[in-house]
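The sequence and structure come first.

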Amino acid sequence: MEVAVARSQALSDVAGRTRGGSRHSRPPASLWLPAALVAVAVAIPLVYLLLRAFGAGGEIWDLLLRRRTLEILGRTVALAGTVTTLCALITLPLAWLIVRTDMPLRRTCRVLSALPLVIPSYVAGLVVVAALGPRGALQQLLAPLGVERLPEIYGFPGATLTVTMVAFPYMLLTLMASMRGLDPCLEEASRSMGCSPWRTFWRVVFPQLRPALAAGGLLVALYSLRDFGAVSLLKYETFTWAIYLQYQTSFDRVLAAALAVIPVLIAVIFLVVEMRTRGRSRYHRATGTARPSALVRLGQWKLLALSFCSLVILLSVALPVAVLGYWLGKGFSNAEPLRLAWSTVANSGYASALAAAVAAVAAIPVAILSVRHSSKPSVLLERATYVGFALPGIVIALALVFFAANYAPVVYQTLGLLVVAYVILFLPQAVGSAESSLRQVNPHIEDAARSLGSSPTKVIRTITVPLLRPGIVAGAALVFLTAMKELPATLILGPIGFKTLATSAWSAASEGLFASAALPALLLLLVSSAPMAFLTLSQRKGEGL
Amino acid sequence: MREWTLVLAVPALIAALAAVACAGPAPATTTTAKPQTLTIYSGRAESLVAPIIDQFSKATGVKVQVRYGGTSELAATILEEGQNSPADIFYAQDPAGLGAVSTRFATLSNDIVSGVKPQFRAADGKWVGISGRARVVVYNTQKLSEANLPADIWDFTDPKWKGRLGWAPTNGSFQAMVTAMQALWGDGKTRDWLTAMKANNPKVYSNNTGIVTAVGNGEIDAGFVNHYYLFSFLQEKGEAFPARNYHLRGGGPGATILVSGAGILETSKNKEVAARFLSFMLSPVAQQYFAGKTYEYPVIDGVGTHRVLKPLAEINAPQVSMAQMADLKKTLDLLRVTGVTP
Amino acid sequence: MTRLALRCSGLAKSFNGTAAVRNVSVDVEEGRFLALLGPSGCGKTTLLRLIAGFETPDAGTIEILGKAVAGPAAWVPPEKRRVGIVFQDYALFPHMDVARNIAYGLPGEKAAHRVSEMLSLVGLGGFARRMPHELSGGEQQRVAIARALAPAPDVLLLDEPFSSLDADLRARVRADIKTILTTARSTVIFVTHDQEEALFMGDRVGVMNSGRLEQVAAPQEIFHCPATPFVAQFVGIADFIDGETAGSQVLTEVGQLPLRCEFPPGTKVRVMLRPDVVALRADPAGAGEVVGRVFQGIHYLYHVRLGSGAMIRSLQHHDRDYPAGTRVAITLDESHQAVCFPSH
């Protein structure tokens, strides 16, 4: 036994050493040049924040050290922590039921449960208030039973509910991909050694899911740092809202920037924690694919499982669609003029598609550097791409306003700059997806190509990128979805008069014209569902994300 | 393989469509273009001001481009843009937004502003009010009537209002009202009012729309808002909508008249066209538009108010100058010290 | 006089302070096979990757056909070394069919001809349009070899090429591959942990242990005259008992054997015994006791404890049936010259 252990350690030792590909050779310029460009782009918001924050002088400390700031910090961390935990509690069983059991309607559940990703959080916020508010739709339904008003939804509970509702698919998608790739032999081995299914899950399955859980959790946690729509509508003051209020109430860019430094620091902590949790697990299958695992038979539990999935989908998808549909229907019956220019739909699709394409291309060098040429600078770059994802859109937008208007006026208020903003905001989704794809590519394949006479650049072009394609496309689809619903950067940075579905829904909603808001919001869901379907389809084939 | 091409085709198609759609109006360069152009940053909503801006365009042949957004985001944008701001005009929702960028405004000529009542424009001539709005108490008609409502905003500090009120302390108009309060009552009494109000635990909303919605569905009994939000609700939901405005009988800061307004940026290269635009907005045609379509108060003489509105003359409005209203610093400090805003 | 295809001198490489390759020097003549044999983690794969150019040596030089490709003053990247490599997991390009895999390293104009040449060399004539995942393990391997051979590399490296094949397939494939490579007149360096494979494939065999190349020699010499106890034990079965030299003989507790190498008389040595040198005979007064045996078909492999407590093994025809506990007399085949190592 001991010999066996020592031997397997030796094996994994060799594996660790040789699997890394030619990581000791220096990356070619075709990698680090574009990567440097990406680095410059992701550094823009940070440089801007520091520039503004250090312009403050002593006042900054008064602001940062106020008890109020600590309270906001507490609330922000509480929201991120609770939302992440809730998402894990929802998505672990959900992903397992969808991927590993014989639950009926699994495919439908798979497509529907990922759909909340395309619902803008301010729409979700409006819906939660309208449906679950003290005198919302639910109360109206319950009124005959003598329910006068429902308990307060505002504050922590409502914000947690809303953010969880829109963010859990981030974790669901990574978990489903990871569960699909699990080697059933390990589970069977554990069961055969007399472990109960429950013990097997915690001792064997869960540790293997940890990297996916951490990666998904990171996106969820960073998202809850950034979210503005839900927290402002549900009146839960996190940093994003506090930053926004600084702009709104005092027009004070300096103090706003000072406040924005704190979520950056929180994001850095999250990033380090995730990296630690993920550990050094860099695995890919040496040959072939895993034998697909047999589906777990649910038997009498089928109905309960299905009700659980239905409840999640009901709350996160059916409810928003129903409320939006109700508003729209009421608008129609009131004969309101519900006009929406086709150019609005086109703008949304066009700008988001461009952002998706650029982000996909930008993600390639970052992913290859961090997976194949792992070094301090490449890891730093990869982690830095996540910071944009944690920052409120308004901060990114103003950073780009500042740099572009003053140093690159030619590009200012062009579609190009808006696309850059989208890329800074959403790049990590593309990077993460490309990385997990690359980790599944055997580095020997690239080594073989090099020894056949291809330069590193040619290897990337002819081998690495074609093999990464599923991951790149899945990442692009994710970027497309999130760019579709982006608001603050679109308002500030878009070419003048550039209307998108998201801005139309927002401007109508901010005037209380809910019917006019419902039309673009529903269209947004409709247009987004194509890439969403792709994401889930590609997962069926064991690719992507 | 097939599946993906199909799915990829959808965004590609959209992109192609958009490319065709966008191919038309490329952003024109402002320096040499023959048709004069004007760039406006508008903190006011498109549905409210686009019709009147179009009218200006049609009448003068000036091509107008408008960037719509929140007043504060646009103010921050103008400040970040610095010398290279493409904006000619900043059209803001409230005096505070104008005040924030007033250092970037050029002084307006007397021809433009002379027709506007002095209380509706900046004393230094940096900006001018375009439409007036009254601070009111919106109340739920199923729970209250005007008779139950106090004469002065101070009286809402009575504990009997505990948990029944709504306010939006981060909203520019609310803050403007507090500024007026400081001018009228002094800092001490204003602070007492804020503290006492806070003790009454009012529901916090992010904007006026939220308050009117909440009053309408009975979440709260009454709230402090601008007068015109109610009318879009009445339009959408009909006369049965159970909320109405109440102009405080006793006047005071709770009945302050505020303005939306605009100024011309110092960095504008089209100051002459910009001036024409402001003159147009202050002309009877445009003022009539605001009175008729957005239920706001005209800022010039000779234009009547909407019949559903209480005429300006009947409102017991306090005398506060807009110059006093534009400087928010003291108000923000007070709101922060009392813990009303973060 | 044949040219040297490859010369490594004083190669060293460590990862994070752990030495993987220590001071390795080896030459391979053109058209010859060198098998690198050693346990997992001994550094043989790292040596291969150094030669291929996937790793840079910390010290030492590598020359291919007399031209330095790695060393203090030279560095030729892998794509310019003309070194082919076949990985244990084949590493076929999964997005290309067989023909495109093989053509990958070829310049455009001659590719088609060379591809069909290679396909017939490896006996996969009709497989040009197949995708890698449609091939069996053995077929994938032949594609990998064809792909590596197509550009006619100066040196071909094979990394554990047979380890992912089933045992029965392995023997057949091994012979096929040897024929293919001999036909192609390739210079081959090939890494394995399987001694039988190494002895079969290699013109010469290099045995590696903890980063060191302990011996490079013809297979027979490796087996009969191992340079170190490690080589002795790793290649074939070997037991060691104490002995002392006396002239051209070495004396042990079970008899004496002629010495293969010179030692001063009276030197304490460890004597290597292969099981086939040790003969057993049932004898109640014998010096050894059978403690166990393994039935191997034609033979029994007996484990015998000697009076000193040392354990040796003996290979006996299956009709010699000594159950455990039988006392046996031991004789050594004195026609064998004994390999001895100094005691320490």
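## The interface of chains A and B

B:Glu80 and A:Arg52 form a salt bridge through their side chains, with N and O 2.6 Å apart. In this predicted model, the rule finds 2 salt bridges across the interface of chain A and chain B. Polar contacts across the interface of these two chains come to 12 residue pairs, both residues of each pair being at pLDDT 80 or more. On the side of chain A that touches chain B, helix 24 of chain A (residues 514–540) gives the most, with 8 residues. By class, that side of chain A holds 36 nonpolar, 15 polar and 17 charged residues.

The contact takes 68 residues from chain A and 59 residues from chain B. Between them, chain A and chain B bury about 5300 Å², and 59% of this area comes from carbon and sulfur atoms.

## Which chains touch

There are 2 pairs of chains in contact, and chains A and B are the pair that shares the most contacts. Chain B and chain C do not touch. The nearest C-alpha atoms of chain B and chain C are 12 Å apart.

## Salt bridges around B:Glu296

Over all chains, a search of the whole structure finds 34 salt bridges. One of them joins B:Glu296 to B:Arg44, with the closest N and O atoms 2.9 Å apart.

Chain B is divided into domain 1, covering 10–132 + 258–310, and domain 2, covering 133–256 + 317–337. Their centres, taken over C-alpha atoms, are separated by 27 Å. In the contact between them, domain 1 of chain B supplies 23 residues and domain 2 of chain B supplies 20 residues. The area buried between these domains of chain B is about 1700 Å², with 65% of it on carbon and sulfur atoms.

Across this interface of chain B the rule finds 1 salt bridge. On the side of domain 1 of chain B that touches domain 2 of chain B, helix 4 (95–100), strand 4 (128–140) and strand 9 (257–264) of chain B each give at least two residues. The residues on that side of domain 1 of chain B are 11 nonpolar, 7 polar and 5 charged.

## The two domains of chain C

For chain C, the domain assignment gives domain 1 as 4–82 + 153–234 and domain 2 as 239–342. The centres of these domains of chain C, over C-alpha atoms, lie 34 Å apart. In contact are 10 residues of domain 1 of chain C and 6 residues of domain 2 of chain C. About 680 Å² is buried between the two domains of chain C, and carbon and sulfur atoms carry 65% of that area. On the domain 1 side of chain C, the residues that lose the most area to domain 2 of chain C are C:Phe223, C:His224 and C:Ala232, which together make up 49% of what that side buries.

Across the interface of the two domains of chain C, the rule finds 0 salt bridges and 2 residue pairs in polar contact, both residues at pLDDT 80 or more. Helix 7 (219–224) and helix 8 (229–234) of chain C are the elements that give two or more residues to the side of domain 1 of chain C that touches domain 2 of chain C. That side of domain 1 of chain C has 7 nonpolar, 3 polar and no charged residues.

## Confidence

The model scores ipTM 0.85 and pTM 0.83. The average pLDDT of chain C is 89, and 100% of its residues score at least 70. Within chain C, helix 5 (residues 167–183) has the lowest confidence, with a mean of 82. Confidence in chain C is highest in strand 4 (residues 59–64), at 95.

Terms used: Residues numbered from 1 in each chain as written. Chains lettered and ligands numbered in written order. Heavy atoms only, no water. Domains from an automatic or database assignment. Contact = heavy atoms within 4.5 Å. Buried area = accessible area lost by both parts, 1.4 Å probe. Salt bridge = Lys/Arg side-chain N within 4 Å of Asp/Glu carboxyl O. Polar contact = N/O pair within 3.5 Å; in protein donor to acceptor, adjacent residues only side chain to side chain. Helix = DSSP H or I, 4+ residues; strand = E, 2+ residues; numbered from the N terminus. Nonpolar A, V, L, I, M, F, W, Y, C, P; charged D, E, K, R; others polar. pLDDT = per-residue confidence, 0-100.
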